[in-house]
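User: Could you walk me through this one? I would like to start with how the chains meet and then look at the inside.

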Number of protein chains: 2
Amino acid sequence: MNFMNKSNPIGIFDSGIGGLTVVKSVNTFLPSESIIYFGDTARVPYGSKSNSTIIEYALQDANFLAKKNVKLIIVACNTASAVALDELKKIYEIPIIGMINPGAKAAINETKNKIIGVIGTETTISNKAYSKAINNIDKDIKVVEKACPLFVPLAEEGLIDHPATKLIAEEYLKELRNENIDTLILGCTHYPILKEVIQEVIGKNVKLIDSGSAASTEVDEYLMGRGIKNYQHNIGKYEYYVSDVPKKFNEIAKRFLGKELEFLEKVELEEILNI
Amino acid sequence: MNFMNKSNPIGIFDSGIGGLTVVKSVNTFLPSESIIYFGDTARVPYGSKSNSTIIEYALQDANFLAKKNVKLIIVACNTASAVALDELKKIYEIPIIGMINPGAKAAINETKNKIIGVIGTETTISNKAYSKAINNIDKDIKVVEKACPLFVPLAEEGLIDHPATKLIAEEYLKELRNENIDTLILGCTHYPILKEVIQEVIGKNVKLIDSGSAASTEVDEYLMGRGIKNYQHNIGKYEYYVSDVPKKFNEIAKRFLGKELEFLEKVELEEILNI
C-alpha cells in the first residue's frame, strides 16, 4: 500500500490548535518523522457540539490528511477520538490512533489504588469514553469523570497562573479530590497548558496523565511494529494547515507548540467539504 | 415586494444562542411580531474567527432566513454585525439591522462626559466597529474598547455570580475604569447575562447599554416608519432553527431566553451551505 512508506508523513488533526501539544510530544519521541497537521479552526471548538456534527467534521478532517498520503493518522482531539474513532476506522485503511485508549492504558499502568479521575470537554465526558476504555481492560477500576469546559478558553487566553483559573480549577476538581483518585487523565489536548495549576489543586500525590504524550508512545510502538518508523538522522518536515487564521492565531499556536510554526497555510472550507 | 407584509415574521440570526437575549428584547418591545431565529451552533463561536470566515457564514445564515420570507433581518451577533453588515446589505433587498449602530446611538444619547467604553469579542474589538460608528456621528467622543473573550464561555457555563467571574471582570475592566467612562456598551449578545457583575465591577455610576435592546427600539421605529409593524393583538409565533443541538442546548437556551423554546428544529449544515 502506498501509504505504508517509512518516509511518508504522519497526519495529525484537531478541532483547532490544542493538537499542537500532541505535535510537540510526537516531535520529542519521533524527531525524524515528518508531520502534516490540520486544525479545523473555522469550526472550533468540537467539545461543546453534538456527536453527529463531530463525526461529520472528523471524517472531513481525516479525508484532507488521507489525500496528503500520510502513513498514519493521529486524532489529536479527545472529543473527536471519543465520538468518531470507530467511524473513521470503518472508512480508512490508513491506521488511525486516537487519544482515549493510550490515555486509558497509561492511567491503568500508573494507578495503585484503582481510582482514576478523568477531565475533558462536555462531549468527551458525556460519552463516558474513558471509563468505557478503562473498564474494558480492568473492570475493578473506579473511574470518576468531570467536564471542565472553561479550561479550553482559559488555556487559549493564556490565563495560566491567574487566580481566576485556580478558583475555577478548585470548583471543577472538588469532586475528584473527594473521591481520593491517585491518577488523573488530562483528557483534552488543551489541558497540558494548565497542568501546573491542575497539579496544585488536585494535590502533588496525584499522577497526571497527558493523553497526547501517551498517544505518541503508542504511535512509536505501532510504527516500529510495522517496520515503518523513520530512522533517518534528518529532522522531519512540518506542515500546518488550518481552515481559518484568526487574529491571535500565531500567538496562541506558539503557546501550545512552544515555538513558531514553520509552514502555515489556510485551506478553504470548500476544499474540506469537497464541494 | 413580497417580504413587505405586516404579518411576515422578523428573521434573527446569531452565531449561536447569544442572540436569544435579542429575541427576548424584541418580544418585550414588539410582542405581536412573529420571529424566525437561526443559531449557527455547529460553527459557534464567531468572535474568535477571521473576518473572511465570518462574512461567509453570515451570508449563509441570512440566506436561510431570506428563504423563509422574513420582512426584516436582525443580525443579533455583534461580531457578524461588525464584520459582515455591509456585505449583507449589498446582497439583500430585505432591510437588515445590526447591533453596532443602534448600540452606538444609544450610548451617544446617554454619555455626559463624552467618554464611552465598549466591550466585545476579539473580532468586534479589533475591527473597531463601535468607535468608528460613534465617531462617525460625534468625533469629539473618546471611545475606549476592550476585548473580553472569556465572558462568552462564562455566560454559557452559567458562572454568573462566581468569584472567578468577578476576578476576570476586574482584570478586563481595569483599563476602562481608569479611563473614567460614564457609559459602557455591552457589545456582545452574551454579555447581558453577566450585567450584574459587570455593573458591580465598573461602578454604579456607569450606564450600561445593551446593544440588543437598542436594536429592538430601532426595529420598532423602522417597522412603524415603513407601515409594516404588526399591530395584531395576537402574540407572535416563534420558530427556532439551529445547525447543531449539543447536549446542554436547552439548559443554556433557557438561561438566555428566560423560558423554554416553543419550537426547535435542527437544520443540516448542507442546507445552510446550499450543497
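Analyst: Two residues count as in contact if their C-beta atoms, placed from the backbone, lie within 7 Å. Please keep in mind that this is a predicted model.

User: OK, how many residues of chain B are in contact with chain A?

Analyst: On that criterion, 22 residues of chain B are in contact with 22 residues of chain A. The elements giving two or more residues to this side of chain B are helix H5 (122-126), helix H7 (151-157) and helix H8 (163-178) of chain B, and H8(B) gives the most, with four residues.

User: And what's the split into nonpolar, polar and charged there?

Analyst: The side of chain B that touches chain A divides into 11 nonpolar, four polar and seven charged residues.

User: Switching topic: which residues have the most contacts inside the largest nonpolar core?

Analyst: They are Ile74(A), Val75(A), Ile74(B) and Val75(B), in a core of 180 residues.

User: What does Ile74(B) touch?

Analyst: Leaving aside residues up to four places away in sequence, Ile74(B) touches Ile10(B), Ile12(B), Val22(B), Ile97(B), Ala215(B) and Val219(B). Of these, Ile12(B) is also the bridge partner of Ile74(B), and four bridges join the parallel strands E1 (residues 10-14) and E3 (residues 72-75) of chain B.

User: Where do those strands sit in the sheet order?

Analyst: The order in this open sheet of six strands in chain B is E4-E3-E1-E2-E9-E10, with parallel pairing, and the edge strands are E4 (96-97) and E10 (264-266) of chain B.

User: Which helix lies across E1, E3 and E4 of chain B?

Analyst: That is helix H10 (residues 211-225) of chain B, which runs at about 165° to E3(B).

Conventions:
Residues are numbered from 1 along each chain as its sequence is written. Chains are lettered from A and ligands numbered from 1 in the order in which they are written. This is a predicted model: local features need pLDDT of at least 70, side-chain atom pairs count only at pLDDT 80 or more; totals for chains, interfaces and linings use all residues. Ala, Val, Leu, Ile, Met, Phe, Trp, Tyr, Cys and Pro count as nonpolar, Asp, Glu, Lys and Arg as charged, and the others, Gly among them, as polar. A nonpolar core is a set of buried Ala, Val, Leu, Ile, Met, Phe, Trp, Tyr and Cys residues joined through C-beta atoms within 7 Å. A residue is buried if 20 or more other C-beta atoms lie within 10 Å of its own, exposed if 12 or fewer, and partly exposed in between; C-beta atoms are placed from the backbone. Two strands pair if DSSP finds at least two bridges between them. Axes are lines fitted to C-alpha atoms, for helices over the stretch in contact, and angles run from 0 to 180 degrees between N-to-C directions.
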